[in-house]
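Q: Hi! Could you walk me through this one while I have it open on my screen?
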Amino acid sequence: MAKKPATVRIARWSATHPWSAMGLWAVFVALCIFLGGAAGTNKLDEQESGVRESGRAGKIVVDGDFPERPEENVLITAEGGGALDRAAAQRAAADVAERMKSLPEVASVGSVVPAENGKAVLVPVTMKGHKDDAAENVEPLLDVSAAVEDAHDGLRIEQVGTGSTAKGMQETIGEDFKKAELISLPLTLLIMVVVFGALIAAGVPVVLALSCVGAAMGLSSLASHVLPATSAISSVILLMGMAVGVDYSLFYLKREREERHKGKGHIDAIEIAAETSGHTVVVSGTTVIVAMAGLYLAREATFASLATGSIIVVGAAVLGSLTVLPALLGKLGGWVDRPRVPFLWRLTMRTGESTLWPALLRPALVKPVITLVVSIGALLLLALPALDMELKQSGSDDLSRDIPVVQSLDRLTESFPSEGTVHRVAVRAPAEAADEVKAALGNLLERTAADDAFAHDQEPAIRTSEDERVHTVDVATPHQANTDEAKESLKVLRAWVPQELDGIDGVESGVGGEVARGADFTGHLAERIPWVVGFVLLLTFTTMGIIFRSLAVALSAIVLNLLSAAASFGVLVAVFQNTWAEGLLGFDSTGAIVNWLPLFLFVVLFGLSMDYHVFVVSRIREAALAGAPVRQAVQDGITRSAGVVTSAAVVMIGVFAIFGTLNAVEFKQLGIGLAVAIFLDAVAIRIFVLPALMSVVGGWNWWPGGPAVGSRGRHSASGRGAGKGVDGPSVERRPPYVPLPAPAPETTRSDHSQQQ
């Protein structure tokens, strides 16, 4: 007797020892959360995470060990935005300074700075403590600003700085994510209730997905001490974890239920689900992990963090689906279908062959060539706008202008451009050359003072480290960070700095800042994208080829996923680089896509799209193994998998679309891009392109060995038919194929007793 696959052996042990399996899983999740909380998260330092010259500049600044105290700016303007009463503003500024000095959180208060345009007055305040704690400590300062505003009629007094901006963004973005979490859980549960028609069955995938997210959060915190974590990692883990966690459980649970309703005992049904859907989960999870691992080739800290978090949560979802899910199903037995929602239960248990899916598939199966040409043409048409994709660094201009702290920041930079976009010049040289470096930087500032590409409202100050080896100076530009003018000012400054430092021995320099990081990051990506894409394509092709023993299946998977990814990029560009959807989605177009998104989206889309492709092709392969002709196998495979794939797609689209409601444009782009790609994959690819392509390819779909090569267990081939037909290599000679009947409703003893 052949040894059963590992997925079956694990599932059987879990199903027959449910309390042990569930206990081990609970201990694992709790341990991950505890250890992650105890270790804390090592956050990615923006200064040290850059690439190219901006990365070098950041490392020089860090080497200088400058005290980074949080800075706050109290901005005083006319309440209605009109002419400012200078005398009233000076009295308010003096009141602000006096009150701020009395606060224990304040280290010093600077001199009052009037704006050149006469519309504002600025009171600079330096806080005590570290900048990472500023958001927690800034509340007393905000209370002072509010109290002074109440005491001085006709003036608007607001605060912008390290702590106040972070606090305002945390409140706004944090509330966004809380809202997303509160919506996504009920929405996912509602979809599961519609899919299963029973509350317990609906809750199992959601609970398992949440436990996977919790475990992944903890493990990600531990991993951050090796690879520092980006600020977006928690959102990505939640997004990926809920999507794949629910999907993998859904695949498994639907197959177990299908087999149980055919009359199998619940342990046998679990074993069959483990051999089929469990195997598919392993393949899908492996494919997603392989795709995400490609991000490491980007050689950039943000992508390394995103890859690590995604790999951890997908691995947790696969592990949970193979271990604790069979235990839950084994313990629940028939109770997994309780309590039933009357109408929905009858809807999910309808008998008879589906008429909808054969009708949808008819064009692809009857006229495959025409369908293939038209559908591919439509997807390529959708992809066309992607040729005009523009990339930009994410920044404050990506945020909704309705956010109060963003409005305050806009008013601050309008009157004081030096507080906006800043280029940071960093120089490292031997201590004995300190005077030469200072003189060179002084000459540099004289040149910038005479050039309109730079801001002149405040005089830049040169900072020198205690050991006199590192020197920095911030040179501001009056232009927004993502404008051509700001990029041109960066080019000018990067040309001038080496000129001024020429002749100083042992000198090392770099120009950093927001503009520099964006330009360097985009250029770095342009170099690394071919490596990442090539890695993902090659390993995906290899994985699919090994799993299905078919070069044709592997190649078609690559082509179809490239099509859906390209089409989703086209939609993304059409929506976010133009203004027609601003009112619909609640954003202000910046005319570009955030620069880290395309590569991340490509990898995620490629991985997630393979979920459906593997599941659908596996069911088509099962029909082919049973002796079905190619087109019949395609119809049966897609029809039999239609319910679970459609349900899984709806869950993913729902979860991703919620991120499209957030204020930050980068998360809107992420959510909408993923939702569109999954929709195209589940509809256009599955209904038109895939069946048409497989119908055209015919028997060559399973080349070189046919679908039975490498199959196991009850799917093993019994014959050795050979020979080639007009459609390519024949699969095997079998009796005429009889389409599989639809699953009959479950008739357990408890049901009989209720009917009687």
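A: Happy to! First, a word on terms: axes are lines fitted to C-alpha atoms, for helices over the stretch in contact, and angles run from 0 to 180 degrees between N-to-C directions. Helices (H or I, at least four residues) and strands (E, at least two) are DSSP runs, numbered from the N terminus. This is a predicted model, where local features need pLDDT of at least 70, side-chain atom pairs count only at pLDDT 80 or more, and totals for chains, interfaces and linings use all residues. Residues are numbered from 1 along each chain as its sequence is written, and side-chain values use heavy atoms, with hydrogens and water left out.

Q: Thanks. At what angle do helix 9 and helix 11 pack?
A: Helix 9 (residues 233–261) and helix 11 (residues 301–322) pack at about 25 degrees, and their axes are 9 Å apart. That makes helix 9 roughly parallel to helix 11; angles under 35 degrees count as roughly parallel, over 145 as roughly antiparallel, 65 to 115 as roughly perpendicular and the rest as oblique.

Q: And which residues make the contact?
A: Contact here means heavy atoms within 4.5 Å. On helix 9 the residues include Gly 241, Val 244, Gly 245 and Ser 249, and on helix 11 they include Gly 309, Ser 310, Val 313 and Ser 321. By class, this contact has 12 nonpolar, 7 polar and no charged residues. Ala, Val, Leu, Ile, Met, Phe, Trp, Tyr, Cys and Pro count as nonpolar, Asp, Glu, Lys and Arg as charged, and the others, Gly among them, as polar.

Q: Is Ser 249 buried or exposed?
A: Ser 249 is buried, with a relative accessible area of 0%. Buried means under 20% relative accessible area, exposed over 50%, and partly exposed in between (1.4 Å probe, protein chains only).

Q: What does Ser 249 touch?
A: Leaving aside neighbours within four places in sequence, Ser 249 is in contact with Pro 205, Leu 208, Ser 321 and Leu 325. A polar atom of the Ser 249 side chain also lies 3.0 Å from the backbone oxygen of Gly 245. That is a polar contact: a pair of N or O atoms within 3.5 Å, where within protein one must be able to donate a hydrogen and the other to accept it, and residues adjacent in sequence count only if both atoms are side-chain atoms.

Q: New topic: where is Trp 580?
A: Trp 580 is in the loop between helix 20 (551–576) and helix 21 (582–585). Trp 580 is exposed, at 58% relative accessible area. Its side chain reaches the backbone oxygen of Ala 574 at 2.8 Å.

Q: How about Ala 429, buried or exposed?
A: Ala 429 counts as buried, at 4% relative accessibility. You'll find Ala 429 in the loop between strand 7 (421–428) and helix 17 (434–449). Ala 429 and Val 507 are 78 residues apart along the chain, yet their C-alpha atoms are separated by 4.4 Å. Glu 468 is one of the contacts of Ala 429.

Q: What is the phi of Glu 468?
A: Glu 468 has a positive phi of about 60 degrees although it is not a glycine. Glu 468 sits in the loop between strand 8 (463–464) and strand 9 (470–477), and is partly exposed at 35%.

Q: Last one: which peptide bond is cis?
A: The bond from Arg 338 to Pro 339 is cis, with omega near -25 degrees. Pro 339 is in the loop between helix 12 (324–332) and helix 13 (342–348).
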